[in-house]
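Colleague: Could you walk me through a couple of spots in this model? I'm still new to reading structures.

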Amino acid sequence: MKWSLAGVLPLMVLFLACSAHGEPLNLGTLEWPPFVGSDLLNQGTTSARVRSICAEAGLEPRLSFLPWKRVLMEARAGNTHGYFPEYRSVAREEEFYFSKPVGCSVVGLVHKSGMTLDWTRLEDLAAYRLGVVDGYVNTEEFDRLVDMGILHPVKCNSDELALRMLEAGRIDAAVMDRAVFRHLSGKAEPTHGPSPLVFAEKILVVHSLHVCFPRTPAGKSLVERFDRAIVSGGLELICASSSECSP
């Protein structure tokens, strides 16, 4: 049988196009600028890093931007291959494999300028109304104290809402990532004089950020492939101090 060159060329082009894009990797994520965001350059700094790793791994990331609790639901239901960015925690590790770090996050307290938060231990924060985003991991110790009933945080649907509640005096402080606070503050209407909100100097924790895959054979294969790409591509990252995590 003779093959027509005119028929072979389109097939070759299609094959090369598929090879260039790699295998689809459906990942859930959220609007959490500057790390991830559908309208951001490269869909955020962490998204850009994940794309670089996927390119090294021969994967094509396809991101779905959803509310955070929905992101978790979709991953648990197997409707996505995984999700990001996630803080490492014992509870989450029971459900998901964690990739090597793809970013880092400095977490602390935002409060009104002129106000002083007087605390040495986390237990001391029980005296304050603290806003937290529902579904977020904060710190292991913070969340343990919440489970014990020592801390009684006020749940918010988003970081933006937490800031609005703070400005309105409905909470005393909000648990937030430093880069997220700076990004949201930069979007606010300019005011004369000092900013009404500040990020406290004393931080709570420096988290590493990860891509999570379900604890299934397929998830294990993906996280191993993803981690090999991080190493082979020279994309390893260590989050050891707040200075290393400055945006």
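Colleague: How many residues does helix α2 have, and how far does it reach from its first C-alpha to its last?

Modeller: Helix α2, residues 45–57, has 13 residues and reaches 19 Å, close to the 18 Å expected at 1.5 Å a residue, where the expected span is 1.5 Å times one less than the number of residues. Helices here are DSSP runs of H or I with at least four residues, and strands are runs of E with at least two, numbered from the N terminus. Please keep in mind that this is a predicted model, in which local features need pLDDT of at least 70 and side-chain atom pairs count only at pLDDT 80 or more, while totals for chains, interfaces and linings use all residues. Residues are numbered from 1 along each chain as its sequence is written, and side-chain values use heavy atoms, leaving out hydrogens and water.

Colleague: Which residues of α2 are buried?

Modeller: Thr46, Ser47, Val50, Ile53, Cys54 and Ala57 are, buried meaning under 20% relative accessible area and exposed over 50%, with partly exposed in between (1.4 Å probe, protein chains only). They cover an arc of only 125 degrees around the axis, which puts them on the same side of α2; the arc is taken from the directions from the helix axis to the C-beta atoms.

Colleague: And what does the face turned away carry?

Modeller: That face of α2 carries the exposed residues Thr45 and Ala55.

Colleague: New topic: where does Leu130 lie, and is it buried or exposed?

Modeller: Leu130 lies in strand β6, residues 130–133, and is buried, with a relative accessible area of 2%. Leaving aside residues up to four places away in sequence, Leu130 touches Leu109, Leu125, Phe142, Pro153, Val154 and Ala173, contact meaning heavy atoms within 4.5 Å.
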